[in-house]
Amino acid sequence: CKKADVLDVAVFEIILAYLEKRDWKEAFFSVLPQRKGAVPLGEANELSKCAVSGKEDEDNDSDSN
């Protein structure tokens with residue numbers, strides 16, 4: 001089985017999911033495996049901001065001790 005064959009199947013599954021759901025975002029994320037860590041672009045930006053602000057909070061906590 002070649003990678004191109006696997007990609008063809010994934011694209012086909014995404015298109016089928018879109019035809020069922022009529023929503024591209026839902027279609028992509030219902031087909032893509034969770035282990036790939038795919039998130040919508042807006043949510044990815046929010047997650048990275050949270051990670052950065054969370055790290056800053058940890059740094060501030062260690063300074064105050």
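## Fold and surface

The secondary structure of the protein chain comprises 3 helices and 0 strands (DSSP runs, H or I of at least four residues for helices and E of at least two for strands, numbered from the N terminus), and the order from the N terminus is α-α-α. This is a predicted model, in which local features need pLDDT of at least 70 and side-chain atom pairs count only at pLDDT 80 or more, while totals for chains, interfaces and linings use all residues. Residues are numbered from 1 along each chain as its sequence is written, and side-chain values use heavy atoms, with hydrogens and water left out.

Of the 65 residues of the protein chain, 6% count as buried (under 20% relative accessible area, with exposed meaning over 50% and partly exposed in between, for a 1.4 Å probe and protein chains only).

## Helix 1

V11 is placed in helix 1 and, at 41% relative accessibility, counts as partly exposed.

## Aromatic cluster

One aromatic cluster is formed by Y18, W24 and F28, and the whole structure holds 2 aromatic pairs (rings of Phe, Tyr and Trp, the last by its six-membered ring, with centres within 6.5 Å; planes under 30 degrees apart are stacked, over 60 edge-to-face and the rest tilted). The ring centres of Y18 and W24 lie 3.9 Å apart with planes at 10 degrees, so this pair is stacked. The rings of W24 and F28 have centres 6.1 Å apart and planes at 40 degrees, and therefore the pair is tilted.

W24 and F28 are 4 residues apart in helix 2, which means a separation of about one helical turn. Y18 is partly exposed at 21% relative accessible area, as are W24 at 43% and F28 at 35%.
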